[in-house]
Amino acid sequence: MRAPISPPVLTAQMSLNRRGESRGDEGFIAAKLADGRARVLALFDLKVPILPSDDGASACLRWLSLDEARFMAEPLELAFLGEDISGSPVFACNFAPDQIASTGTAADAMKPLVDLRSLAIQGVLAEAELLAAAQARALFAWSSVNRFCARCGAAVQAADAGWRRHCTACGLDAHPRMDPAVIMLISREDRCLLGHEHRFPDKFYSTLAGFVEPGDDIEHAVRREVKEEAGIEIGEVRYVASQPWPFPHSLMIGCWGQALSEAISFDAREIADARWFRREEVRAMLENRHAGGITVPPPISMAHTLIRGFVERAIGD
Ligand SMILES: [Zn+2]
């Protein structure tokens with residue numbers, strides 16, 4: 001019997017109760033804003049304020065009260081993220097670079113401000129906090145580049161507590177965007193295919209990945225990307241797991257694909273290397289004891305989930 005897959009670290013099952021059905025209800029949002037337990041995650045040009053532990057091994061988010069957030073900028077565009085497990089309202093805002101300048105020392109007092117991606121990779125935040133920050137970052141990464149209507153160019157207004165941008169000139173509504181991407185562990189019996197991109201650190205290999213394009217379905221995107229990047233034909237494709245990847249706003253769709261051919265041919269402009277690795281060699285890479293010093297992505301990533309799944313025989317032939 002096949003081993004169960006270890007679920008991704010960044011799983012939305014752990015996230016806030018978003019109360020999406022009530023976002024458009026102004027009375028509901030007003031009540032949440034009046035709730036004394038309400039707290040705000042203020043992003044600064046999408047960077048996250050944290051309180052590191054004394055030894056630096058862990059950190060927690062630095063939350064503000066509504067009054068503290070409003071003290072920095074008024075009017076403040078707040079997005080309602082949802083309610084935490086105790087029912088307390090959770091909001092977020094993002095200060096653009098020009099707003100940060102106008103807050104003066106208030107923003108300085110929130111330092112350190114850290115890139116969420118590096119926090120995620122280091123694994124220093126508790127999962128629930130990482131997810132709240134990921135939700136806020138993805139939402140504001142979208143809204144900060146959707147300040148004008150895509151159809152008529154007029155300035156848009158935030159609606160539904162930050163989850164919609166409405167153009168009063170032509171009526172167009174814009175909703176937060178997610179970019180679906182496939183990421184796939186390709187295997188052939190006891191070996192799997194990993195690639196090294198030009199932007200990767202030396203001796204770092206990962207699963208192949210690519211965006212789902214218009215007209216693709218998931219299976220086609222997997223087959224197309226592997227053919228483009230490594231020249232390998234893929235037969236069966238199975239969905240494994242998914243996770244949000246808010247850099248800026250992707251949904252990673254983790255799959256397994258069965259290779260029908262072995263000869264690798266890649267376009268050196270696309271990828272620096274692609275190779276077949278045996279399962280035991282991949283296990284050594286996962287455990288940071290590979291003889292050649294090759295490493296793979298950290299536990300926060302979908303690539304890690306897939307590679308671990310292959311090593312543990314949860315996915316594969
Ligand atoms: Zn418009």
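Visitor: Which element gives the largest share of the lining of the second largest pocket?

Guide: First, the general idea: on a 1 Å grid over the protein atoms alone, a pocket is an open set of points where a 1.4 Å probe fits, with protein on both sides within 12 Å along at least five of seven lines, and lining residues have an atom within 4 Å of a point. Here the largest share, 3 residues, comes from α3. Helices (H or I, at least four residues) and strands (E, at least two) are DSSP runs, numbered from the N terminus. This is a predicted model, where local features need pLDDT of at least 70 and side-chain atom pairs count only at pLDDT 80 or more, while totals for chains, interfaces and linings use all residues. Residues are numbered from 1 along each chain as its sequence is written, and side-chain values use heavy atoms, leaving out hydrogens and water.

Visitor: Which residues are closest to the centre of that second largest pocket?

Guide: Look for Glu-77, Ala-96, Gln-99, Ser-144 and Arg-147, out of 16 lining residues. The space there is about 450 Å³, a volume being what is filled by probe spheres set on the points, with grid points joined across faces, edges and corners.

Visitor: And how many lining residues of the largest pocket are nonpolar?

Guide: Ala, Val, Leu, Ile, Met, Phe, Trp, Tyr, Cys and Pro count as nonpolar, Asp, Glu, Lys and Arg as charged, and the others, Gly among them, as polar. The largest pocket has 16 nonpolar, 6 polar and 4 charged residues in its lining. It holds about 660 Å³ of space, and Arg-117, Arg-199, Phe-200, Trp-245 and Met-252 are the closest to its centre.

Visitor: Which residues touch the most other members of the largest nonpolar core?

Guide: A nonpolar core is a set of buried Ala, Val, Leu, Ile, Met, Phe, Trp, Tyr and Cys residues joined through side-chain atoms within 4.5 Å, and buried means under 20% relative accessible area (1.4 Å probe, protein chains only). Of 56 residues here, Leu-41, Val-48, Leu-116, Leu-119, Leu-185 and Leu-194 touch the most others. Helix α6 (residues 127-143) gives the most to this core, with 10 residues.

Visitor: What is the strand order in the open sheet?

Guide: Two strands pair if DSSP finds at least two bridges between them. The order is β7-β8-β9, with antiparallel pairing. The edge strands, β7 (157-159) and β9 (173-174), each pair on one side only. Strand β8 (residues 164-166) is joined to β9 by 2 bridges, and His-166 has Asp-173 as its bridge partner in β9.

Technical notes:
Buried means under 20% relative accessible area, exposed over 50%, partly exposed in between (1.4 Å probe, protein chains only).
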